[in-house]
Amino acid sequence: MTMSESTQATVRNDKPVIVIKLGGSMIERLTEEFYESFHGLLKHYHCLIVHGGGPAITALLGRMDIEGEFHEGLRKTTKETLEVVEMVLGGKVNAQITSALARQNILPVGLKGCDASLLTASYVNQEDLGFVGQVEEVKTDLLYNCMQAGYLPVVAPLGKTDNGQTVNINADLAAAAIAKAMQAEKLLFVTDVPGIISEDEVIKETSPEEIESLISGGCIYGGMIPKVQSAMAALSEHLQEVMIVSGEDALIQGDRMKGTKIRATVKERAE
């Protein structure tokens with residue numbers, strides 16, 4: 001067993017890994033109670049955060065009189081836009097999250113996915129989207145070493161291509177790729193809603209088949225669609241459960257997390 005394999009085994013045998021994706025629209029609204037709840041999570045899991053930053057990027061582009069463009073839901077990233085994306089994701093937003101965790105006496109370490117080739121990426125569609133990437137490989141050793149040393153990695157979704165070009169990566173897709181590579185037990189998408197809602201009730205547990213039905217029936221719509229699609233795509237032999245949870249409450253209450261669990265198969269609900 002190599003040293004890296006030994007580190008991975010030590011971390012996973014100690015506690016399962018959980019990946020938490022913080023949406024950019026939620027970051028300004030996260031409470032001290034939310035960050036405080038990481039103490040409860042860290043009793044049960046090794047935690048890793050992946051964050052977005054769309055609204056902050058849009059705001060800075062506006063102040064700089066740079067027009068933002070989107071293509072099929074992804075931000076078109078020109079060379080000029082990429083400089084802003086790097087400043088916001090790798091600077092302002094990452095520092096904001098790590099500072100909030102540090103105030104809770106948690107040990108966060110801020111990382112950019114382009115650091116040490118943490119996220120190796122390829123272009124999604126360079127002609128239409130410019131410097132937008134998709135994850136090809138995750139260098140898990142760096143993340144496992146941080147966890148073994150007692151740190152909580154906070155990752156900005158930037159990657160490097162094979163020729164060293166930094167690219168912007170959709171945070172949902174980056175979180176899903178990292179969760180899969182880390183063989184995480186859970187992946188949490190932190191949103192501005194308490195979960196998937198049907199008939200004014202939060203669905204506590206569901207499956208990909210049921211979600212497709214809810215989408216076609218119009219119960220799931222708008223920005224929730226790509227979120228649940230990323231959640232479903234992340235499910236694997238190792239990652240059996242993805243959750244949609246609210247960022248306006250504590251992540252864990254008692255020993256339980258509140259929200260909607262998406263599992264490859266769902267237990268029959270009691271009538």
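The charged side chains of this predicted model number 24 positive and 37 negative, and the centres of these two sets are 5 Å apart. The accessible surface of the chain amounts to about 13,200 Å², and carbon and sulfur atoms account for 47% of that area. Buried residues, for their part, make up 48% of the 271 residues.

**Overall fold and dimensions**

- The chain is built from ten helices and 18 strands, and because its radius of gyration of 18 Å is close to the 18 Å that the globule rule gives for 271 residues, the chain is as compact as a globular protein of that length.
- Taken along the principal axes, the box filled by the C-alpha atoms is roughly 55 × 50 × 35 Å.
- When contacts between residues at least 6 apart in sequence are considered, 73% of them join residues that are at least 24 apart.

**Confidence of the prediction**

- The mean pLDDT of the chain is 87, with 93% of the residues reaching 70 or more.
- Confidence is highest in strand β8 (residues 152-156), at a mean of 98, and lowest in strand β16 (residues 252-253), where the mean is 62.
- Where pLDDT is low, the predicted coordinates should not be read in detail.

**The surroundings of G159**

- G159 belongs to strand β9, which spans residues 158-160, and with a relative accessible area of 0% G159 counts as buried, because the cut-off for that class is under 20%.
- Leaving aside residues up to four places away in sequence, G159 touches G113, C114 and L119 as well as Q165, T166, V167 and I169.

**Two loop residues with positive phi**

- Most residues other than glycine have a negative phi, which gives the background for the two entries that follow.
- D65 is not a glycine, yet has a positive phi of about 55°; D65 sits in the loop between α4 (54-63) and β3 (69-71), and its relative accessibility of 72% is over the 50% cut-off, so D65 counts as exposed.
- S117, likewise a residue other than glycine, has a positive phi near 55°; S117 is placed in the loop between β5 (108-112) and β6 (119-123), and because its relative accessible area of 40% falls between the 20% and 50% cut-offs, S117 is described as partly exposed.

Conventions:
Residues numbered from 1 in each chain as written. Predicted model: local features only at pLDDT ≥ 70, side-chain atom pairs only at ≥ 80, totals over all residues. Heavy atoms only, no water. Helix = DSSP H or I, 4+ residues; strand = E, 2+ residues; numbered from the N terminus. Rg over C-alpha atoms; globule rule 2.2 N^0.38 Å. Buried < 20%, exposed > 50% of the residue type's maximum accessible area, 1.4 Å probe, protein only. Contact = heavy atoms within 4.5 Å. Areas by Shrake-Rupley, 256 points an atom, 1.4 Å probe, with all protein chains shown as cover. Lys, Arg positive; Asp, Glu negative; His and termini not counted. Charge placed at Lys NZ, Arg CZ, Asp CG, Glu CD. pLDDT = per-residue confidence, 0-100.
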